[in-house]
Amino acid sequence: MLLKFLVYIILCFVTSKSRNIKKSKKQLAVMNLLKSVKQKGLIWCLVLSSIWCLSSFRYQSIIWGFFGHQRINRLAVFTLPPEMFRFYKKNIDFITENAVNPDQRRYAVKGEAPRHFIDLDNYSDSIRKQLPLLSWREVSEKISEDTLNRHGIVPWHINFIKYQLTEAFRKKDARRILMLSADIGHYIADANVPLHTTQNYNGQLTNQTGIHGFWESRLPELFADNYDFFVGQADYVKSPQKRAWQAVLGANTALDSVLRFEQELTSHFAEDKKFGFDERNGITTKSYSKEFSERYHTMLKNQIERQMRASIKMVGDFWLTCWVDAGQPDLNSLLAYQPSKEEKEAELAEKQSWLKRVLDVRKESDN
Ligand SMILES: [Zn+2]
């Protein structure tokens with residue numbers, strides 16, 4: 001796109017030099033622009049376009065790998081009962097696009113990073129057994145907040161957002177309902193990823209660095225079109241905290257195969273067969289080869305499909321539960337909701353502030 005634009009500018013510049021070539025209106029407009037740029041200063045133009053190029057490159061590189069989150073939030077809408085479905089369907093693009101907000105703000109918002117994972121292997125067996133039974137208040141009396149934050153708090157955070165979303169439903173605050181629905185979808189999906197439950201989150205302790213993005217991004221991108229995403233209707237969750245822990249513990253039981261199968265398969269592959277080169281957004285990147293990906297995906301026996309399905313169902317279940325706990329407010333009365341100009345501007349400013357990436361927090365993958 002950028003290349004096309006530059007070629008077009010050059011063509012206009014060349015044709016502007018030969019006066020007897022007939023020019024289109026578009027070309028004339030670009031020529032006039034070039035003329036005024038010449039007058040007002042080429043330097044400024046170059047500075048501004050470089051900033052634009054760099055910011056869009058950075059944005060693109062950040063959003064790589066969020067396919068799974070967006071797909072999960074989008075599909076969860078179809079689990080909802082008719083009383084909720086119309087409102088969510090009308091805002092399905094918002095819920096989908098904003099599924100990636102929590103990852104985008106993790107380097108800019110203090111306290112965001114630990115909300116995405118929990119290192120279960122950091123705790124002894126006896127403590128690990130107790131954790132699911134403790135509320136946030138109880139656990140922070142036993143273990144320092146510093147330790148808890150260092151090793152992740154995703155199950156408690158899901159429960160925390162659950163309360164906030166219930167409140168938003170109670171107040172019939174359309175904007176907060178949508179923002180928090182998108183957010184909780186993200187954290188629930190993270191809780192269902194095996195590598196979000198360990199200190200070895202990117203295979204860095206077992207010489208498997210890169211496995212996080214491989215499992216979470218590359219494989220779903222390659223194979224999700226063949227997954228069966230029909231998960232049925234959302235159900236009410238009696239104990240949200242218990243349910244969040246079930247997800248985390250279930251994902252953790254899948255961790256052994258995630259790491260072991262990759263190691264086994266690697267021993268049968270030469271380095272140049274394990275990896276290949278991919279082009280993304282005009283950038284050539286080293287990634288797992290198609291053959292390696294296919295073999296690994298087969299060994300996992302639908303594991304990624306199972307975890308994605310579990311996430312979709314659980315997201316729908318939590319949205320429904322919040323709505324029920326808020327007394328089942330009439331969402332059809334919110335159908336006319338449109339974000340105001342101020343809300344849109346505030347949202348844009350907030351998202352731009354996330355691009356600053358001021359915090360040196362733990363990365364999950366290579367993204
Ligand atoms: Zn995340």
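A residue is called buried here if 20 or more other C-beta atoms lie within 10 Å of its own, exposed if 12 or fewer do, and partly exposed in between, with C-beta atoms placed from the backbone. With that in hand, let's look at helix α13, which is mostly covered: 10 of its 13 residues are buried.

Some ground rules come next. This is a predicted model, in which local features need pLDDT of at least 70, side-chain atom pairs count only at pLDDT 80 or more, and totals for chains, interfaces and linings use all residues. Residues are numbered from 1 along each chain as its sequence is written.

The protein chain has 19 helices and 2 strands; these are DSSP runs numbered from the N terminus, helices being H or I with at least four residues and strands E with at least two. Of the 367 residues in the protein chain, 33% are buried.

Among the buried residues of α13 are Phe214, Trp215 and Leu219.

Tyr227 sits in the loop between α13 (211-223) and α14 (240-253). Tyr227 is partly exposed, because 15 other C-beta atoms lie within 10 Å. Leaving out residues up to four places away in sequence, Tyr227 touches Glu305 and Met308. Tyr227 and Ile304 are 77 residues apart in sequence, yet 9.1 Å apart in space, C-alpha to C-alpha.

**The α11 and α12 pair**

Helix α11 (residues 154-170) packs on helix α12 (residues 174-191) at an angle of about 160 degrees, with their axes 9 Å apart. α11 is therefore roughly antiparallel to α12, a term for angles over 145 degrees. Axes are lines fitted to C-alpha atoms over the stretch in contact, and angles run from 0 to 180 degrees between N-to-C directions.

The contact includes Ile158, Ile161 and Leu165 of α11, and Ile177, Leu180 and Ile184 of α12. By class, this contact has 13 nonpolar, 3 polar and 4 charged residues. Ala, Val, Leu, Ile, Met, Phe, Trp, Tyr, Cys and Pro count as nonpolar, Asp, Glu, Lys and Arg as charged, and the others, Gly among them, as polar.

Terms used:
Parallel < 35°, antiparallel > 145°, perpendicular 65-115°, else oblique. Contact = placed C-beta atoms within 7 Å.
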